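Please examine the sequence and structure before reading on.

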Amino acid sequence: MSTDGQAGVVAVDLAIPVKADLVVLARLTAATVAARAGFGVEDIEDLRLAVEELCLSLVRTDDDGRLNFAFEYVPDAITVKCCFEPQPGWDGAASGVVDDLSLRILDALVDEHGREQRDGKLCAWLRKRRAPSTV
Amino acid sequence: MDQTFHITEDTSRPVPVVSASGEIDVATAPPLRDRLQALTASGRSTVVVDLLGVTFLDSTALGVLVGALKRCRESGGDLSLVITEPRILKVFEITGLTDVFPIHATVDEAVGSAE
């Protein structure tokens with residue numbers, strides 16, 4: 001975890017092989033970052049599920065490569081970026097197909113999300129703002 | 001609450017009840033799919049899936065349940081869910097699946113309704 005050049009921005013990077021049983025690490029990181037950012041339990045649970053769907057929107061479990069995550073938080077929002085980096089020599093491609101259920105879940109749980117090609121890699125991102133305090 | 005995924009099956013009731021607990025995600029949904037496929041393959045076209053112990057559920061799990069529901073209905077049966085946890089119900093609500101699945105608050109109620 002690091003505080004980068006931008007004032008108040010805390011960044012956490014995570015890289016995991018594309019394996020079904022390792023996606024939980026992304027959920028765990030999301031929950032930890034959200035807790036540190038002062039998000040409430042409901043928002044943390046929303047973010048855990050949204051990050052899972054972000055992974056599922058990028059790759060199938062038989063894709064060969066890594067998922068590189070960047071979690072960033074400022075006082076009122078968390079941004080999660082995730083890029084699929086294929087294994088060198090692997091001739092497949094990231095699924096690139098977003099399941100309708102994943103899309104509906106992301107639409108409902110986060111404020112913004114999207115997909116893009118970055119340096120030839122398929123990436124997806126989401127942003128969730130912290131709910132205003134009700135106290 | 002225990003996050004470890006478990007499945008149990010109770011075939012002593014008039015309708016088989018598959019109970020899942022823990023987190024159902026891309027890693028753990030396949031065993032649930034296999035269990036439900038085995039039930040319909042053995043001729044049990046009406047099934048109750050008890051999700052009372054489930055703490056996390058993603059779109060892979062929803063896909064497994066929707067697939068099982070289709071198989072049950074194609075065979076003339078149905079698939080009912082038992083859910084009370086608001087967190088889990090929310091996933092069904094935001095995907096519009098509360099209008100697709102019969103959802104009950106207890107296993108007894110689901111079994112009684114499915115008989």
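How many salt bridges does the rule find across the interface of chain B and chain A? In this predicted model, the rule finds seven salt bridges across that interface. One of them joins the side chains of Asp46(A) and Arg87(B), with an N to O distance of 2.9 Å.

**Interface between chain B and chain A**

- On the chain B side, residues come from strand S3 (47-57), helix H2 (59-74) and helix H3 (86-94), the elements that each give two or more residues to the side touching chain A.
- By class, this side of chain B comprises eight nonpolar, five polar and five charged residues.
- In total, 18 residues of chain B are in contact with 21 residues of chain A.
- The two chains bury about 1,500 Å² between them, and carbon and sulfur atoms give 61% of this area.
- Between chain B and chain A, 11 residue pairs are in polar contact, with both residues at pLDDT 80 or more.

**Packing of two helices in chain B**

- Helix H1 (residues 29-41) of chain B packs against H2(B) at an angle of about 5 degrees, and their axes lie 9 Å apart.
- Angles under 35 degrees count as roughly parallel, and H1(B) and H2(B) are therefore roughly parallel to each other.
- H1(B) contributes Ala29(B), Leu32(B), Arg33(B), Leu36(B), Gln37(B) and Thr40(B) to the contact.
- These meet Thr60(B), Ala61(B), Val64(B), Leu65(B), Ala68(B), Arg71(B) and Cys72(B) in H2(B).
- The residues of this helix contact divide into eight nonpolar, three polar and two charged.

Note on methods
Residues numbered from 1 in each chain as written. Chains lettered and ligands numbered in written order. Predicted model: local features only at pLDDT ≥ 70, side-chain atom pairs only at ≥ 80, totals over all residues. Heavy atoms only, no water. Contact = heavy atoms within 4.5 Å. Buried area = accessible area lost by both parts, 1.4 Å probe. Salt bridge = Lys/Arg side-chain N within 4 Å of Asp/Glu carboxyl O. Polar contact = N/O pair within 3.5 Å; in protein donor to acceptor, adjacent residues only side chain to side chain. Helix = DSSP H or I, 4+ residues; strand = E, 2+ residues; numbered from the N terminus. Nonpolar A, V, L, I, M, F, W, Y, C, P; charged D, E, K, R; others polar. Axes fitted to C-alpha atoms, helices over the stretch in contact; angles between N-to-C directions. Parallel < 35°, antiparallel > 145°, perpendicular 65-115°, else oblique.
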